[in-house]
Amino acid sequence: MPIPTQEYLGTSLLKESFYEPNTLKTVWGEQWGCSNYIGQIKKVLLHRPGIELALLRQMTYEEEVDAQVLRDKDGKIISYLQGEKHINEELLQYQHDQLRKTLELYGAEVVDVDFASPLHTKMVYTRDIGLVVPSGVILTRFALAMRQGEEKTAYQTFAKLGIPILASIQGDGFIEGGSFAMLDSKTAIIGRSVRVNQAGIDQLRQILAWQNIDLIVVDVPNDRIHLDEMFVMVDYKTALIEPGRLPYWFLTELRSRGLKLIYTDPSDPERVANCLAVSPGKVLIAADAHRTMESLVDHGIEVIPIEVTEIRKLGGGIHCSTLPLMREDI
């Protein structure tokens with residue numbers, strides 16, 4: 001018996017690409033992913049600190065590192081808090097709740113991490129568990145032993161949400177989301193640092209090439225971990241940067257692409273560039289970044305102050321604590 005032809009069956013081979021919007025909507029139920037990092041946030045992933053806080057109560061202050069540290073029986077660091085003061089758990093959760101409410105107020109649907117572990121004290125920083133690109137997410141791999149295992153939490157959460165998992169950093173590679181950004185739909189940036197190695201970058205470059213996305217690699221200074229501590233997009237062709245910590249060639253490259261660069265003020269607390277655009281020109285930023293907020297307003301950016309004093313003690317800020325899964329194209 002002859003095999004029926006495609007024409008006979010009334011079907012044809014699929015011609016649309018994986019990341020064509022109608023295909024995403026039909027197959028995956030949503031137009032997942034972000035082609036930029038400033039468009040209106042439609043869906044964002046958070047984790048409210050909870051069961052993992054029990055470990056923080058066991059920490060002791062170590063003066064030589066100016067941090068509260070929790071070590072295992074072999075002396076390896078399980079977790080840490082910056083500074084000598086203990087975290088105020090109620091205030092931490094209150095500040096995180098205010099972050100959630102503000103995101104919702106400005107049009108974002110907030111979804112939560114599933115399968116969180118009591119061992120993962122940095123899980124509040126959802127930014128690090130995935131690289132959101134057009135049409136889906138790339139699973140990261142952590143360099144620090146204290147964060148290993150969050151990859152499984154990320155995988156389970158993304159699978160439950162139904163977002164396409166496009167690839168995973170593996171082998172000898174390490175990548176964390178705080179050092180990644182989509183500059184535009186065809187250009188991504190990664191910060192090479194103690195948490196992002198060349199093996200991870202090589203894998204990422206290949207994965208992005210499948211979507212015809214170029215990758216710019218920037219070296220992060222030795223006293224910083226992630227690129228979003230000193231570079232975040234805030235509006236169309238506008239970035240907030242800490243200029244003294246970024247290489248001259250990178251600033252020149254950004255300007256050559258028509259970007260306006262707004263500088264953080266050195267009198268503000270460190271890492272105030274760790275803000276979040278909820279839509280073009282509308283930015284959530286640490287409430288104590290007074291001078292930087294003035295500069296943003298002078299450049300036509302609307303600022304929405306958020307208290308992050310306790311969130312910051314865990315080692316990050318607003319940008320670190322949010323992972324947009326869907327943004328409007330611009």
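I began with Thr309, which counts as partly exposed because its relative accessibility is 33%. I note that the model is a predicted one. Thr309 has its place in helix α9, residues 309–313. Leaving aside residues up to four places away in sequence, I found that Thr309 touches Leu91 and Gln95.

**Helix α7**

I then asked which residues of helix α7 (residues 248–256) are buried. They are Phe250, Leu251 and Leu254. Viewed down the axis of α7, these buried residues fall within an arc of 100°, so they line one face of the helix.

I took Leu251 of helix α7 for a separate entry. Its relative accessible area is 7%, and therefore it is buried. Not counting residues up to four places away in sequence, Leu251 touches Ile241, Pro243, Leu246 and Leu261. Its C-alpha atom is separated by 22 Å from that of Val297, 46 residues apart along the chain. Just after α7, I noted that Gly258 takes a positive phi of about 85°.

**Surface patch**

I found a nonpolar patch on the surface formed by Phe18, Tyr19, Val27 and Trp28, which together have about 370 Å² of accessible area. Of these, Val27 lies in helix α2 (residues 21–28). Val27 counts as exposed because its relative accessibility is 57%, which is over the 50% cut-off.

**Cysteines**

How many disulfides are there? The count comes to zero. Cys275 is in no disulfide, and the nearest cysteine sulfur, that of Cys320, is 11 Å away. Cys320 is likewise in no disulfide, its nearest cysteine sulfur being that of Cys275. I recorded Cys275 as buried at 0% relative accessibility, and Cys320 as buried at 8%.

**Salt bridges**

My search of the whole structure gave 21 salt bridges. In one of them, the side chains of Arg71 and Glu62 meet at 2.8 Å, N to O. Arg71 is partly exposed, with a relative accessible area of 38%, whereas Glu62 is buried at 13%.

I next looked up Asp114, which forms a salt bridge with Lys160, the closest N and O atoms being 2.8 Å apart. Asp114 lies in the loop between β5 (109–112) and β6 (130–133) and Lys160 in helix α5 (residues 150–161), so the pair ties together parts that are 46 residues apart in sequence. Asp114 is partly exposed at 25% relative accessibility, and Lys160 is exposed at 60%.

Asp288 forms a salt bridge with Arg312, with 2.9 Å between the closest N and O atoms. This pair links distant parts of the chain, 24 residues apart: Asp288 is in the loop between β16 (282–286) and α8 (290–298), and Arg312 is in helix α9. Asp288 is partly exposed, with a relative accessible area of 23%; Arg312 is also partly exposed, at 23%.

Finally, I recorded a network of salt bridges that links Asp223, Arg224, Glu229, Glu242, Arg245, Glu270 and Arg271.

Note on methods:
Residues numbered from 1 in each chain as written. Predicted model: local features only at pLDDT ≥ 70, side-chain atom pairs only at ≥ 80, totals over all residues. Heavy atoms only, no water. Patch = residues over 30% accessible without salt bridge, like charges linked within 9 Å, V, L, I, M, F, W, Y side chains within 5 Å. Areas by Shrake-Rupley, 256 points an atom, 1.4 Å probe, with all protein chains shown as cover. Salt bridge = Lys/Arg side-chain N within 4 Å of Asp/Glu carboxyl O. Helix = DSSP H or I, 4+ residues; strand = E, 2+ residues; numbered from the N terminus. Buried < 20%, exposed > 50% of the residue type's maximum accessible area, 1.4 Å probe, protein only. Arc of directions from axis to C-beta. Disulfide = S-S within 2.5 Å. Contact = heavy atoms within 4.5 Å.
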